[in-house]
Amino acid sequence: MTELEVKALKPSEDIIAKLLEKRNAGTEDCTLTSDIAHQIGMRAPDLNSFLIDQEIMERRDHRLQLTEKYANKGYTKFRSQFKYSSKGELKEVVYPVWTPKGVEFLWEES
């Protein structure tokens, strides 16, 4: 990437950083699924599969989220991340993170 291309991307990076800061506000005390999985000796996809099998989580609208039974208990919040697709399109990825209450719930369930 040339210096000119890097300079051209800088304003976009600043805009994305500010957007992420707003969208992810309030999730600072939350824990990633991968961190929880690591603590119990497994990978995040395996933990997600387990939670789906236990009907704690489900995939809805291309998003992993709590089932209706657990949805309004304050166990998760959502964070955003932006990635470029293989076609060069900017895509937003939204994923759950676990609140302290949610982490406690998971430890009780495991």
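I began with charged pairs: Glu 89 and Lys 91 join their side chains in a salt bridge, 3.6 Å from N to O. This is a predicted model, so I keep that in mind throughout. I checked how open the two partners are. Glu 89 is partly exposed at 40% relative accessibility, and Lys 91 is partly exposed too, at 42%.

I then looked up how many salt bridges there are, and the count is four. Another of them links Asp 46 and Arg 43, at 3.3 Å from N to O. Asp 46 comes out as partly exposed at 34%, whereas Arg 43 is exposed at 53%.

Next I noted the pair Arg 60 and Glu 58, whose closest N and O atoms lie 2.3 Å apart. Arg 60 is partly exposed at 35%, and Glu 58 is partly exposed at 27%.

That took me to the strands. β1 (residues 57-60) pairs with β2 in the antiparallel sense, over four bridges. Glu 58 sits opposite Gln 65 of β2. Two residues lie between the strands of this hairpin, and Asp 61 has a positive phi near 55 degrees.

Where is the largest nonpolar core built from? I found that α2 (33-39), α3 (44-53), β2 (63-66) and α4 (100-109) each give at least two residues to this core. The largest share, three residues, is from α4. The core has 14 residues, and Leu 51, Ile 56, Met 57, Leu 66 and Trp 98 have the most contacts inside it.

Which residues of α4 are buried? I get Gly 102, Val 103, Phe 105 and Leu 106. They span an arc of only 160 degrees around the axis, so they are on the same side of α4. Glu 104 and Glu 108, on the other side of α4, are exposed. I also looked up what the buried residues of α4 pack against, and found α2, α3 and β4 (90-98).

Last stop: Thr 99, in the loop between β4 and α4. Is Thr 99 buried or exposed? Thr 99 has a relative accessible area of 7%, so I log this residue as buried. Leaving out residues up to four places away in sequence, Thr 99 touches Cys 30, Gly 74, Tyr 75, Thr 76 and Lys 77.

Methods
Residues are numbered from 1 along each chain as its sequence is written. This is a predicted model: local features need pLDDT of at least 70, side-chain atom pairs count only at pLDDT 80 or more; totals for chains, interfaces and linings use all residues. Side-chain values use heavy atoms; hydrogens and water are left out. A nonpolar core is a set of buried Ala, Val, Leu, Ile, Met, Phe, Trp, Tyr and Cys residues joined through side-chain atoms within 4.5 Å. Buried means under 20% relative accessible area, exposed over 50%, partly exposed in between (1.4 Å probe, protein chains only). The arc is that of the directions from the helix axis to the C-beta atoms. Contact means heavy atoms within 4.5 Å. Two strands pair if DSSP finds at least two bridges between them.
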